[in-house]
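Work through the exercises below with the sequence and the 3D view at hand. Each task is followed by a solution in steps.

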Amino acid sequence: MNKSSLTRTAQVKMSSFIFLYFFTWSSSFGLYALWLSQKVGLDSITIGSVFAINGVFAVMMKPVYGYIMDKIGMSKWLLYGVCAVSALMAPFFTFVYQPLLLSHTMVGIFIGAIYLSLGWYAGVAASESYADRFSRLYGLEFGRIRMWGSLGWAMAASVSGLLFNYTPLANFLVSSTTSVLMLLVLVSLKIGDEQLRNNNIISSNKIVFTDVLMLMKNSKFWMFSLYVAGVAWMMFIAEQQFPRYFVSFFETKEQGNAWYGYLSTVQSGTEFVMMMFIPLLVNHYGAKKGLLFCGIVVGARLIASGLATDPLVISIIKPLYGIEISLLLISVFKYIAEHFDKKINATMYLLGYQAMLYVGSVVVAPPAGYLYDKIGFGNTYLIMGSCALVFTFISAFTLSRCQSKRDESSFLKPALNSAPVEPAK
């Protein structure tokens, strides 16, 4: 088999793994908030606490996963563990999680947080970080791999609402089944010897704990974290209980559940298409501007959601999340690759972005749940959207400048703009 065929085979298998991973979790976790409220019967404040405690465990687990990934390079053992956890979804949710939430709520919340952190919250970050490394080893755009995850999420979302109305057990059984397929694909994936020997992606000097301490002292780390706190927190925390807000626009919960599934498919389809074209935009304008574009879209979508008054308007707004996630992921990976040392690449992604992201679930999710009950979803989204826009403006001055093709093609650029940006050590 020639070199191009080997590359193509590896790309197909990596894309298939990402597709199956997102299909697996979309089938069940995509309706998590609805499951907690409609099937388990938790109120808004308790659901907010569930997401907050999930966030605590995610914050603890993500840096651990990142450190392990920087230690093992392109080894797949961590991903094997993620697959195994995912395969246990049906028995866990049916025989462990739901009974505990009903009988011993706090115990159930903590047990669920551990499971979800291992399989989803930290697992998805590890999978995306591995896909990013894989794409750079083979000279591919990360978006061309990650877009298959969007397609997997979309395909599962197209039927998950209908399955959920029948019985959530069907969702969990589908997830456990596809997890086994995901594991088989991962076992068959082989990284080429040439890519492993001759690359500028995997550091020969493996990460040590002092590297993590140095990262925490880097001002670029904290300026990036400020953006995550102001923009990404609002984006993801608003999405946690958005299904409940969306369903409230319809005459019955069942109708709302079904339409939420349909529009989640449209959203993921939008994300799939954007993953192909957003890299061109981010390469042209630079990763920093990609992050700022994302912040503007997040703020505008949340404010529009707060002002929505009928099912048609909220249905039009819903798919915009696909544009946001594409802009955010592509820009984050490119920003990290440009400004941080390659031996801490995974740690920076899982600590500086993913773990910091879920600090928001600890800090903001409970008060957000309180505001949903006291002033309503609409008014709360107006506040969150305004916060996102304010922090986007601040980040225009605090994020580090990034290289762009637009700067390179400009005849009038200052000499400073032509200087390469050195990675932070």
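**Exercise 1. A pair of charged residues**

Glu-128 has a relative accessible area of 4%. The model is a predicted one. Decide whether Glu-128 is buried or exposed, then find its salt-bridge partner.

Solution. 
- Step 1. Buried means under 20% relative accessible area, so Glu-128, at 4%, is buried.
- Step 2. Its side chain forms a salt bridge with that of Arg-146, at 2.9 Å from N to O.
- Step 3. Glu-128 belongs to helix H6 and Arg-146 to helix H7 (residues 142-166), so the bridge ties together parts 18 residues apart in sequence.
- Step 4. Arg-146 also has a relative accessible area of 4%, and it is buried.

**Exercise 2. A network of salt bridges**

Which residues are linked with Lys-318 in a network of salt bridges?

Solution. 
- Step 1. The side chains of Lys-318 and Glu-239 meet in a salt bridge of 3.0 Å, N to O.
- Step 2. Lys-318 is in the loop between helix H15 (311-317) and helix H16 (320-339), while Glu-239 is in helix H11, so this pair ties together parts 79 residues apart in sequence.
- Step 3. Both Lys-318 and Glu-239 are buried.
- Step 4. A salt bridge also joins Glu-324 and Arg-301, with the closest N and O atoms 2.4 Å apart.
- Step 5. That pair links helix H16, which holds Glu-324, to helix H14 (residues 287-307), which holds Arg-301, 23 residues apart.
- Step 6. Glu-324 counts as buried because its relative accessibility is 0%; Arg-301 is buried at 2%.
- Step 7. The network therefore consists of Glu-239, Arg-301, Lys-318 and Glu-324.

**Exercise 3. A nonpolar patch**

Solution. 
- Step 1. Phe-95, Val-96, Val-107, Ile-111 and Ile-114 make the patch, about 430 Å² in area.
- Step 2. Helix H5 (89-103) and helix H6 (105-137) each supply at least two of its residues.
- Step 3. H6 gives the most, with three residues.
- Step 4. Phe-95, found in helix H5, has 66% relative accessibility and so counts as exposed.

How values were computed
Residues are numbered from 1 along each chain as its sequence is written. This is a predicted model: local features need pLDDT of at least 70, side-chain atom pairs count only at pLDDT 80 or more; totals for chains, interfaces and linings use all residues. Side-chain values use heavy atoms; hydrogens and water are left out. Patches are made of residues with over 30% relative accessible area and no salt bridge: like charges are joined within 9 Å, nonpolar side chains (Val, Leu, Ile, Met, Phe, Trp, Tyr) within 5 Å. Accessible areas come from the Shrake-Rupley method with a 1.4 Å probe; for residues, only the protein chains shown count as cover. A salt bridge is a side-chain nitrogen of Lys or Arg within 4 Å of a carboxyl oxygen of Asp or Glu. Helices (H or I, at least four residues) and strands (E, at least two) are DSSP runs, numbered from the N terminus. Buried means under 20% relative accessible area, exposed over 50%, partly exposed in between (1.4 Å probe, protein chains only).
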